[in-house]
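Please keep the sequence and the model in view while reading.

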Amino acid sequence: MSRPSSLITTIVRAGAGTGKTESLARRIIDVAFELHAKTGFSPRLVATTFTERATAELRERVVTIAANLSDAPGWISDFVQDGEKLQISTIHGTFSLMLHRYGMLIGLDPEFTIMPSGDEGELLRKCMRDIISLKNEFGVLVELYSFKDLSYFVNELISHFRLHGKNFQPSCIWKNILSEQGQDLLDVLHELNDIPSGDLSEKTANKIATLKGLYFKLKIISVDSIKFREIFLNELADFTKPALRQGGQGFELKPYIDKVYEIRESFQSESFNPQINLRYEEISVLLGEFAKIVQERLENEKKSQGVLTFNDLEFLTLDLIEKHPHVLQKIKQDCDFWFVDEYQDTSPIQKKILFYFLQNHWNAYFVGDPQQSIYLFRGADARVFQDTLTEVTQKGGIVERLTTNYRSHPDLLKFINHLFLTLVSPLEPLLPKSEFQDQVRSHLHLCTDVVNEENIVVQQVSEWRIKGYDFHDIAVLVKTNEKARDFGRALSQAGVPVFVHSAGGYYDRREVLDALSILSFLEDPSDDEIFVILARSPWLGISDEKLSEWGQKRAKQSYWEWLNKNQIEWDEYKTLKFLGDAVNNSQFLPLSLLFEDLVRKLGLFEFCLLEDASGQREANLRKLLAKLRNEESKPGFSASRFLEQAWLDLSELGEENQPASFVEPKRVNIMTVHKSKGLKFNCVIVPSCSDAMRVRPTALVLNPNGKWAIRVLALDSEERVAPLDFEHLRDLQFQSELSEGLRVFYVAVTRAAEELALIGNIKIAPKSWFSNVSLDWSEGTHDGIYTVKHWSQTPELTIDKTEAKATLPKNFKLGSPPLLGEEKFSVTEVLGKNNKTPFSLTQQIESQRRGQAIHYIFENYKDFPIHSPSHSIERLTQLAKEKFGGTWKIDNDAIVKMLKSKNPPLEEIIRNGQTEWPFEFRDSGFIFNGQIDLWGKWDGFTWVIDYKSAKNMSQETLDKAHEQLELYALALHKSGFHWDKFKLAVLAPLEGKVHELPLRSLDEVRRNILELLG
């Protein structure tokens, strides 16, 4: 039987670990050979991927396959290395290339650049302010919503409209929902009238008669009217259910009465209030009009500046090919075949554009796995894959399946298949690469409330180390970056060498940030902010105390100007001479040469290897240097412009935008599940499996059908309520996000090659990963494929900390990085070690809300007019109430009185001091960190102030606050402030009091810290 042509349109469903990239690379080679045989020329092929890493991996795989072909013709080697003939790039890279070539046809500067998302946000807010000031009708939106909320709404709506078409109309089906519910009620009451009441007690018979009579009162009223709802609720205001028991008289009436009660419960909510829904319709239509005008203005502004965002690339490419068919025809003719990788991550607009490019015979190869579609927040729609599969089949294409998993050990795969076949909507199983060996490789840990999951993670790492696995064989995959930091901290304190993969891309890396500070210093040594960043970096190692000392001595001079005149300071910090030499040579040597020389002298490359033995961080520095050299060689190079753009690029990529590009050797890798996609590890730990899956809480809901809805203010309060359209779309969104949450779980467990550990609480939350699978949760081994262990006490941790220290370069001397194993404590941890005061969950939540509100009021007071503190506090209290909710009350007059106090001079300190000031310092053999609510200097003293949300301050609370403020003072003292010049105060706004507290001696404070730490 002859092999089918490689040119037939094909869609491949490739399960996790089934060799997707290898299959795609081989198909590219096959298509190239077949087209060359037909035409005698090298074809032009385009392959789009989802990430830069996938692009590099695919290109490398294609070149490797071509190089290993026996008796390969000469043209294939040239072909796979020719970027014009074989274009492999991200889908946005493909769109960008087209817009650079043809964008002038739609008024686009062909030299456009991609702007950072932070810049787009600022530009959007500027457009909003301009429009509100010009068009009075939109002012009501600012009265109903904060400007921050409004800008969030508009930004989300613009992105949504681009993904799903130019549909600025909100969902307005509330009348239909009211009508349906009203009609359901009439139908039930009508059926109830047809059923004889039977021999009932007089009381029960009267209740049934009331319900039957209600039908005749309601049937003459429009079901979606206010009056219909009011009559129904008034008639049943004091109505209680009749007791109808199974087997008794009238029991057949019970289902109808239950349904009436169910409808009454719905009608009693604000969501069913017709007035609320009328208000919703008016406000949402106005918001849609506002968003449309803002979008038009924003697009014009970006065009005039020659900048775009990644979303613009899609929107404008579609605009280009729809308005200029000849361009589309040219693109179609220029490409002989298309390959689309990770097709499950494609959004509807991306699919629409790609299908425009395909020729009549559908010259395309799609590959992906809908079970790994986890980018809903970025517009990806798992249904795109299934829809395309159907279309390919209908048009005579081929559907292929890759089902053999080459990544996971067969015994581990047996558990993974079992796990996902127990779902309510089972996922497709994978075939093992070889025979089963009947070994248990999957471990489930359930913790009671007294055992931290972090300790079980350490225990599991320890067990795998004993088995012979290296640290870098192990990965901890978490749901959020915050969780990654928490587990990273716990493992580090236990002596485990870790690498936490942070959010963001190239310019978010610490080494690039510090390298940019070197470049910026060379460009302008008088910039004190840049000098402080550079001075505090590990390779200069200048302490905060020294910087504070210099700051007091330099008066009005810049740091560098003062240091040049007082070079005796250079004897202590030899690295200052390196800076001085570079500044002196900056007038006649290229910036790139100075930068490279300074990086080598300061030892940045070696320092990067301390943090990352894989060389990735060193490569980031070299990438920056190469970029600088390239730009410097161009005519008209401006160092200030280069640096300005580089600093802006720090916010170029947001959270989860890119998977991890590498894994760290000799360290446990900790990352989010999104970042782990495409990677594999011998051993994988997935914690928090019992926690409810994240569903985005929001005042705005969006739906793939292009519809949207918002919350509005209640009729009799400042609370926001959800109208019927909001409830309806939220339910749809909720289901989509829960389905995606299970696919995230699938991605997490399929990263494991040898061993898998799933960790959760023994109290499994509804809508969690564990609640969606059917497993035997009793202790022991089950089905010969997985074990379950319950933890009611913390295990003995056996990690050898010397192993972690051995991963560091022995001869590294520059800077002063924290010692591995040196314990780090937050102020909260120090003070909480002996805190036994019990609080209910309700009390904790209410206390947290009060605390958040008080912090919000004082933190934001400085941004309000100074001439009207009463009005400012009143407005801030109102905003805090909206933001945090709760039943708390604050005496605004008491706060104003505090502000006018001179002991402490609160208003002056807030206006001129520091709020929410973070710190970290070493003392007494430990590292401490935290955040000071407020501090500032006044009349020769440094006031350190903390806010407390207690309604009645007990002596115990004041004592804890005293210890807390002393720790804060110690943090400032370590930065150069005189100990005897501190004053401590606690503000208790709910009491309307200020408590000034005494300052103990430095030795007493340090002894107290050691006592608190035990």
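Two strands are taken to pair if DSSP finds at least two bridges between them. The model discussed here is predicted. In it, strand β13 (residues 681–686) and strand β18 (residues 752–761) pair in the parallel sense over five bridges. Within this pairing, Phe681 stands opposite Ala752 in β18.

Both strands belong to an open sheet of eight strands with mixed pairing, whose order is β11-β12-β10-β13-β18-β9-β20-β19. The edges are formed by β11 (498–500) and β19 (780–782); each has a single partner strand, so one side of each is left without a neighbour in the sheet. From one strand to the next, the twist averages 20°.

Helix α17 (residues 410–421) touches β9 (442–447), β18 and β20 (786–791), and its direction makes about 45° with that of β18. Helix α18 (residues 453–467) lies across β9, β10 (474–478), β12 (668–672), β13, β18 and β20, and runs at about 155° to β18.

A further contact joins two helices. The axes of α10 (residues 226–235) and α11 (residues 254–267) come within 11 Å and cross at roughly 120°. Helix α10 is therefore oblique to α11, and their crossing is left-handed. On the α10 side, Phe228, Arg229, Phe232 and Leu233 take part, meeting Val260, Ile263, Arg264 and Phe267 in α11. By class, the residues of this contact comprise six nonpolar, no polar and two charged.

Definitions and conventions
Residues are numbered from 1 along each chain as its sequence is written. This is a predicted model: local features need pLDDT of at least 70, side-chain atom pairs count only at pLDDT 80 or more; totals for chains, interfaces and linings use all residues. Side-chain values use heavy atoms; hydrogens and water are left out. Axes are lines fitted to C-alpha atoms, for helices over the stretch in contact, and angles run from 0 to 180 degrees between N-to-C directions. Helices (H or I, at least four residues) and strands (E, at least two) are DSSP runs, numbered from the N terminus. Angles under 35 degrees count as roughly parallel, over 145 as roughly antiparallel, 65 to 115 as roughly perpendicular and the rest as oblique. A crossing is left-handed if the near helix is turned anticlockwise from the far one by less than a right angle, and right-handed if clockwise. Contact means heavy atoms within 4.5 Å. Ala, Val, Leu, Ile, Met, Phe, Trp, Tyr, Cys and Pro count as nonpolar, Asp, Glu, Lys and Arg as charged, and the others, Gly among them, as polar.
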